[in-house]
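Please consider the sequence and model shown below. The report that follows treats helix packing, overall composition and a few individual residues.

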Amino acid sequence: MDIDKVNHHISGLFNKELEDVCYKVLTMGGLVEHQLKLARKALSIGDVELAELVISHESQINDLEVVINLACNKILAIRQPKAFDLRLLLAIIKIIHELERIGNNTKRIAEMAIKLLNNVHSMPKYDLDRMAELVSTMLNQVLSAFARMSIEEVPDIIECDEKVDLEYENIVQLLIDCMIENPVNIKHCLDVLTIVRTLERIGDHTRHICEHLVFTIKGENVRHLSQKKLLKKIKGQEKNAR
């Protein structure tokens, strides 16, 4: 964690409170990232025990969200922070919600891995693996960006999200073709579609974390900007706020 961008108060206790909250966010992020890695592996090789492990550990992510949320609200009430500190705490409350949603989605992937156990080899494996790898890269990069309190990597993450969307469209088309070719495949294809949608949502939640990080550092709400406008703003090509 880049503490220099957080710790700048006369009160050493306030510094420690902010630092502790940020580290808890990274701990939660690391757990979510690990869960996604295990869920991907469980899906790829059809490992029921691994999938069940992901499902059982999901509650740890929920517990961390509650702890961090309470800590942020306590700091807001007692310290009444301003400027960067206020934006940081407000953003963290939203970031941990996005991480909790990603945790729920990894659990969903694990559940589908169990459901599709007998058909694991008939899935469009290469396409799913490629999409899952892109999503995992996005999550890793955004956690790194948060740790450094930097938006330098945000353009790469946003561009990666565009690739995830393209993969989503390609796989959906493959599944539609498969269902048209043989109606017997419909149930299986719909199950695979659930996984694809879940991966796409993880990409969306990761992008939202980027937007909260931009708000923290630049003080600008970019949630409703198009990807093109957001990239221009991050790269400094737009002088005026939206």
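In which sense, left-handed or right-handed, does H5 pass H6? The crossing of H5 with H6 is left-handed, a term used where the near helix is turned anticlockwise from the far one by less than a right angle, clockwise being right-handed. The model is predicted: local features need pLDDT of at least 70, side-chain atom pairs count only at pLDDT 80 or more, and totals for chains, interfaces and linings use all residues. Residues are numbered from 1 along each chain as its sequence is written, and side-chain values use heavy atoms, with hydrogens and water left out.

**Packing of H5 and H6**

Helix H5 spans residues 154–181 and helix H6 residues 186–218; their axes come within 10 Å and cross at roughly 165°. Axes here are lines fitted to C-alpha atoms, for helices over the stretch in contact, and angles run from 0 to 180 degrees between N-to-C directions. H5 and H6 are therefore roughly antiparallel to each other, the word for angles over 145 degrees, with under 35 counted as roughly parallel, 65 to 115 as roughly perpendicular and the rest as oblique. The contact of H5 with H6 has 18 nonpolar, two polar and six charged residues. In this classification, Ala, Val, Leu, Ile, Met, Phe, Trp, Tyr, Cys and Pro are nonpolar, Asp, Glu, Lys and Arg are charged, and the others, Gly among them, are polar.

**The protein as a whole**

The protein has seven helices and zero strands; helices (H or I, at least four residues) and strands (E, at least two) are DSSP runs, numbered from the N terminus. Of its 242 residues, 46% count as buried, meaning under 20% relative accessible area, with exposed over 50% and partly exposed in between (1.4 Å probe, protein chains only). Among contacts (heavy atoms within 4.5 Å) with a separation of 6 or more, 76% come from residues 24 or more positions apart.

**Individual residues**

His-205 has its place in helix H6 and counts as buried at 16% relative accessibility. Apart from its neighbours within four places in sequence, His-205 is in contact with Glu-98, Arg-101, Ile-102 and Asn-105.
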